[in-house]
Amino acid sequence: YYFHATRRCVTCQAVEKVSKEYIEENYKGKVSFITINREEEQNSELVEKYKIAGQTLLIIIGDEVVNLTTEAFLNARTNPEKLQELIKSTIDNRLE
């Protein structure tokens, strides 16, 4: 899941773009990328469930939740390959 606000900065948009493209290209049919506006009322249940307070990138497999937010925001614009590698290792280690 990628949780975002209605107003979004360039980095927020880059986190979504890099993550979404990578997941859709490499895990089609196995892993879904879901974007959620955390400010919209219909999403309040998920926002509460995962205790979302800001822009957040989570990998959720079963009951396990891995928060990649810090690494995503550090790398999405300047080193997208590093973010892609992190997404890959996070997903691959849990799908096997």
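Student: In the hairpin of β3 and β4, which residue takes a positive phi?
Tutor: G62, with phi near 65 degrees. That hairpin has two residues between its strands. This is a predicted model, where local features need pLDDT of at least 70, side-chain atom pairs count only at pLDDT 80 or more, and totals for chains, interfaces and linings use all residues. Residues are numbered from 1 along each chain as its sequence is written, and side-chain values use heavy atoms, without hydrogens and water.

Student: What makes β3 and β4 a pair?
Tutor: Two strands (DSSP E runs of at least two residues, numbered from the N terminus) pair if DSSP finds at least two bridges between them. Four bridges join β3 (residues 56-61) to β4 (residues 64-67), so the two strands pair. They run antiparallel. I59 has V66 as its bridge partner in β4, and I60 has V65.

Student: Why are β2 and β4 called edge strands?
Tutor: The open sheet has four strands in the order β2-β1-β3-β4, with mixed pairing. β2 (35-37) and β4 each pair on one side only.

Student: How do you know that α1 packs on the sheet?
Tutor: Contact means heavy atoms within 4.5 Å. Helix α1 (residues 10-26; helices are DSSP H or I runs of at least four residues) touches β1 (2-4), β2 and β3.

Student: Why is A53 called exposed?
Tutor: Exposed means over 50% relative accessible area, buried under 20%, partly exposed in between (1.4 Å probe, protein chains only). A53 has 71%, so it is exposed. A53 sits in the loop between α2 (44-49) and β3.

Technical notes. Axes are lines fitted to C-alpha atoms, for helices over the stretch in contact, and angles run from 0 to 180 degrees between N-to-C directions.
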